[in-house]
Amino acid sequence: MASSLLSRQVAVSLQHNLRLSVPRYRCVSKAATKSSVEFEYDGPLMKTTVPGPRSKDLMKQLGEIQEAGAVNFFCNYEESRGNYLVDVDGNRMLDVYTQISSIPIGYSHPALIKVMQNPDNLSAFVNRPALGILPPENFPEKLLETLLSVAPKGLRKVQTMACGSCSNENAYKTVFIWYRNKERGDIKPTKEEIETCMVNQAPGCPDYSILSFMGGFHGRTLGCLATTHSKVVHKLDVPSFDWPIAPFPRLRYPLEEFVRENAQEEARCLEEVEDLIVKYRKKGKTVAGIVIEPIQSEGGDNHASDDFFRKLREIARKHGCAFHVDEVQTGCGGTGKFWAHDHWGLEDPADIVSFSKKMLTGGYYYKEEMTPDMPYRIFNTWMGDPSKNLLLSAVLNVIKAERLLQEVARSGKALLDGLYDLQARYPHILSAARGRGTFCAIDVRDEDLRNSLIIKARNKGVVLGGCGERSIRFRPALVFKEYHAHLFLNIFGDILAEYK
Ligand SMILES: Cc1ncc(COP(=O)(O)O)c(C=O)c1O
C-alpha cells in the first residue's frame, strides 16, 4: 500500500504532471498511514503558470471593485481536496501554506462535509445568533465538547470571538479591566472615572500598556497593532500607543549548536523586559500585560527556548502583569503538540491564551480571576459563530482518531531533515532551517530570491508562504504526511538545482 502510494505520488506527479528533468536527488517515503485523507489527489497537476488566464481576468474584475493587489490567484474550492488547492485555471497545487495556516485537516474533508450535510446542524448554519444575548440551547454543551476539551493547562474559561485580531483585542481589554479592578479592590469606580472615560481621558481611561516584542504580530486592529511590529505596511499612518516593545531574542540555528550564545541573547532580552516594566511604571504607563507568540510567525519564524518563555512567565508574575500567549497561528497542533506553549512545561499556566485560524473560531481562554466583572464589558454582536463549533468538533475528532499530532511530528521531522539537507547542499542560498512539528521555516539569501523561489515553486505545483524579510514558512494542514514532505522536498530540490 505504502509503496504503491509512493510510486503514484512520485511517478505521476513529478514526471507526468510537472515534466521535471531526471531527478538529481530523491526523497523516498517508507511509510504512509492510511487515513480518510486518501480521498485527495495523487499529486500536483499544472496546466498554466499561476496566475493563469482565468485568474488574471478575475483579478482585473475584482480590482475594479476593491483594492485587490494582494490576490495571488483565484481558487476553485469545490475541486480542492486534502493537501491540494485547485485554482480556477485547473492547476492543482500541494498547499504547504493553507490559507495563511488556517486549514486544520485539509480541503473538503469528508468529516466536515458530513457536519454540513447533517440536517440537525442546518439551523446553526442558517441562523447566526447574537451569542452574547441569545445563544442556542446546545451552546454550553458544544463549548464543553470542543474548546474546553482542549483547553490549555490551568484555563477553564473561554470567550469565543470571530477572528484573531478580535480575539487579541478583547483579550487586551480583559487584561486592562482585570488590572484596574485589582488596583481598585472593593471600591467602586469614582464619578471622575465615569466622566473621564467618556472623553478618552485618565483616570477613567487609565494609561496602562501591554508589553510586546519587536518582530511580533498580533493583528491589525488598533490595540493589536500597537503590539504588532513585524512589517511597516501594517503600521504606517495609523496612530498608536506608546507601549513598551522589548527585543525578541535573535537566535542562531540550529538551536542545539548555539546553546550558550542563545542563552546569553535570551538573558539580554529578559533583562530588557524587566527594565521596560520598571521604566513604564515610572512613566505612568503601567504594564498590565505581556503578549507573546510561541514562535514569531509573520515576523520571520523566530524561535526562543522553552526556558526563555518560562522565565518570561516568571517575570510577568513577579510584576503582576498578565501573561498572554498568542496561539492564533501556532495553536491546534502544527508544532506537534496541541498548543505550542505545551512544549514549555510552565508550572504557572498562562493567564490568557488566544486562538483562531485552524481552530476555525476565534477566541481566548482565560483564568477564572480574569472573568469580567459585568456583562457587556466584553461584547460584540456575534461573539463568534456556533456553526464553527460544530466544525471544530469534527476537526478534533479527526485529530484524535487519526493521531494527527503524531503524524505532524513524523512529517515535520521529514520536512526539517530535508530542509537541513537542502541547506547543506545550497549554503549560498539557504540557511537557518528551523521548526517544531511541521511549523518550519528556512531563510533565503535575500528577499528577491525568496520571492522568486516561492513563485517558481508555485509554478511547479507547490504553494508556499513567506514571512519576515527573507524566510519561507511552512504551514501545511495536519493531514500533511511524510510523503507530502518528500514530494515538496523533491520539487524544491529540483528548483534549487537551477542555482548550483
Ligand atoms: C500570531 C497571530 N496573532 C494574531 C493574528 C491576527 O489574526 P487575524 O488575521 O485573524 O485577525 C495573526 C494572523 O496572522 C497571527 O498570526
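The model is predicted: local features need pLDDT of at least 70, side-chain atom pairs count only at pLDDT 80 or more, and totals for chains, interfaces and linings use all residues. Residues are numbered from 1 along each chain as its sequence is written, and side-chain values use heavy atoms, with hydrogens and water left out. The protein has 16 helices and 14 strands; helices (H or I, at least four residues) and strands (E, at least two) are DSSP runs, numbered from the N terminus.

**Overall build**

- The radius of gyration of the protein is 23 Å, which agrees with the value near 23 Å for a compact globule of 500 residues. This radius is taken over C-alpha atoms, and the globule rule is 2.2 Å times the number of residues to the power 0.38.
- The C-alpha trace spans about 75 × 60 × 45 Å along its principal axes.
- Buried residues make up 54% of the 500; buried means under 20% relative accessible area, exposed over 50%, and partly exposed in between (1.4 Å probe, protein chains only).
- Of the contacts between residues at least 6 apart in sequence, 73% join residues at least 24 apart, where contact means heavy atoms within 4.5 Å.

**Charges and salt bridges**

- There are 64 positive and 61 negative side chains, and the centres of the two sets lie 3 Å apart. Lys and Arg count as positive and Asp and Glu as negative, while His and the chain ends are not counted; the place of a charge is NZ of Lys, CZ of Arg, CG of Asp or CD of Glu.
- The count of salt bridges is 32, each being a side-chain nitrogen of Lys or Arg within 4 Å of a carboxyl oxygen of Asp or Glu.
- A network of salt bridges links Arg313, Glu314, Arg317, Asp348, Asp351 and Lys367.

- Arg128 and Asp385 form a salt bridge, with the closest N and O atoms 3.9 Å apart. Arg128 lies in the loop between helices H5 (122-126) and H6 (139-145) and Asp385 in the loop between strand E9 (362-366) and helix H13 (386-401), so the pair ties together parts 257 residues apart in sequence. Arg128 is partly exposed at 33% relative accessibility, whereas Asp385 is buried at 13%.
- In the salt bridge of Asp301 with Arg475, the closest N and O atoms are 2.4 Å apart. The pair links distant parts of the chain, 174 residues apart: Asp301 is in the loop between strand E6 (287-292) and helix H12 (306-318), and Arg475 in the loop between strand E14 (471-474) and helix H16 (482-497). Asp301 and Arg475 are both buried.
- Asp417 forms a salt bridge with Lys413, the closest N and O atoms lying 2.6 Å apart. These residues are 4 apart in helix H14 (residues 404-425), so about one helical turn separates Asp417 and Lys413. Asp417 is partly exposed at 35% relative accessible area, and Lys413 is exposed at 54% relative accessibility.

**Surroundings of Val115**

- Val115 is in helix H4 (residues 110-117) and is buried at 11% relative accessibility.
- Neighbours within four places in sequence aside, Val115 contacts Asn121, Phe125, Leu390, Leu391 and Ala394.
- Val115 and Leu391 are 276 residues apart along the chain, with 6.6 Å between their C-alpha atoms.
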